[in-house]
Amino acid sequence: MYAQEVKSTGAAPKSLADMSAEERAFQERIDADIKIEPKDFMPEGYRKTLIRQISQHAHSEIVGQLPEGNWITRAPTLERKMILLAKVQDEAGHGLYLYCAAETLGVSRDEMTEQLLSGKAKYSSIFNYPTLTWADIGAIGWLVDGAAIMNQVPLQRCSYGPYARAMVRICKEESFHQRQGYAIMMKLARGTDAQREMAQDALDRWWWPSLMMFGPSDGDSVHSAQSMAWKIKQNSNDELRQKFVNETVPQAEYLGLKVPDPDLRWNEAKQGYDFGPIDWNEFHEVLKGNGPCNAERMAARRKAWEDGRWFRDGLTAHARKAPARKMAAE
């Protein structure tokens, strides 16, 4: 998931009997699968939870350009360069769609960016790992975008209309990204010994961080329970992670690659794979800013923000003068 450990109200979901008349009407609309729109009544906790989740999702799309962007000039063929460039452009577009969706909740894009640059807002832990070889670009498409799709397809049914509608196009494009990554891995897995080793090494390094993308188990999480009651979230982290493992392991086997988990076993009773423990200490350290590339990623975002200041100032000045010019023309 690109939005990890998003906090809601910090309280357990209310029963209908404990709600005010407005809150009850709001919850009944959600229970009836009627979308909530920007001008509709919504509890403040619902609005704040959405801002946190959508902005973190947007930040992740924008920061997510960085691990792949530095491979555009180094892709092995012109066709691969064009495909990767198109993918990175897609990620920028996803960020813009999501910032626009968040703005309908009363927060500005500048505010969201300042929260990211100050460290108050987070982005997905997965983008703090380095891309060491061309195979990493394949692994990101196959595993990272594959994990994202697991979470984002249900978000098309999110109770908040602007977010749900933004996810329709995003999911279509993410499915292309996943296929693009798998195609790279297939090419390498069927190539020379060195290429197969490169593909296996990328799988070894990206497998566990990809499982961490879904966040810690949320079966007992108050935040998750409230988000699910509001239908911001449709599935638990564990459900999505299990689905990802079940679908991805056969893909690895088809490639002739080995998932780096000695505890991986098919469980006939649950019709799914059992897998080993995840190092949640690593996950939390990366979220705190102590991952391999946290400092590099944030330095790049701060530089981009400062380098673009002149352009933002120019647009603001133009907007201020526009009414006067219009009046003069009339």
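Colleague: Why is R190 called exposed in this predicted model?

Modeller: The relative accessibility of R190 is 56%. Exposed means over 50%, so R190 counts as exposed.

Colleague: Where is R190, and how far is R190 from G256 in space?

Modeller: R190 sits in the loop between α7 (161-189) and α8 (193-212). In sequence R190 and G256 are 66 residues apart, and their C-alpha atoms are 8.7 Å apart in space.

Colleague: Why is S159 called buried?

Modeller: Buried means under 20% relative accessible area. S159 has 4%, so S159 is buried. Its place is in the loop between α6 (134-155) and α7.

Colleague: What does S159 touch, leaving out residues up to four places away in sequence?

Modeller: S159 touches I30, I34, K35, I36 and Y46, and also W230, K231 and I232. Each of these has heavy atoms within 4.5 Å of S159.

Colleague: K231 is on that list. What makes K231 partly exposed?

Modeller: The relative accessible area of K231 is 21%. Buried would require under 20% and exposed over 50%, so K231, at 21%, is partly exposed. K231 lies in the loop between α9 (222-229) and α10.

Colleague: Where is Q271, and why is Q271 called partly exposed?

Modeller: Q271 is in the loop between β1 (265-267) and β2 (272-274). Its relative accessible area is 46%.

Colleague: What makes helix α2 largely enclosed?

Modeller: Of the 20 residues of α2, 16 are buried, so the rest of the structure largely encloses α2.

Colleague: How do you know that the length of α2 agrees with its number of residues?

Modeller: Helix α2 covers residues 44-63. At 1.5 Å a residue, its 20 residues should span 28 Å. The end C-alpha atoms of α2 are 28 Å apart, so the two values agree.

Colleague: How do you know that the radius of gyration of the chain agrees with that of a compact globule?

Modeller: A compact globule of 330 residues would have a radius of gyration near 20 Å. The chain has 21 Å, which agrees. Its C-alpha trace spans about 70 × 55 × 35 Å along the principal axes.

Colleague: How many helices and strands does the chain have, and what part of its residues is buried?

Modeller: The chain has 13 helices and 2 strands. Buried residues are 48% of the 330.

Colleague: What part of the contacts with a separation of 6 or more is between residues 24 or more positions apart?

Modeller: Such residues account for 79% of those contacts in the chain.

Colleague: What is the accessible surface of the chain, and how far apart are the mean positions of its charges?

Modeller: The accessible surface is about 16,000 Å², and 56% of this belongs to carbon and sulfur atoms. The chain has 43 positive and 45 negative charges, with mean positions 6 Å apart.

Notes
Residues numbered from 1 in each chain as written. Predicted model: local features only at pLDDT ≥ 70, side-chain atom pairs only at ≥ 80, totals over all residues. Heavy atoms only, no water. Helix = DSSP H or I, 4+ residues; strand = E, 2+ residues; numbered from the N terminus. Rg over C-alpha atoms; globule rule 2.2 N^0.38 Å. Buried < 20%, exposed > 50% of the residue type's maximum accessible area, 1.4 Å probe, protein only. Areas by Shrake-Rupley, 256 points an atom, 1.4 Å probe, with all protein chains shown as cover. Lys, Arg positive; Asp, Glu negative; His and termini not counted. Charge placed at Lys NZ, Arg CZ, Asp CG, Glu CD. Expected span 1.5 Å × (residues − 1).
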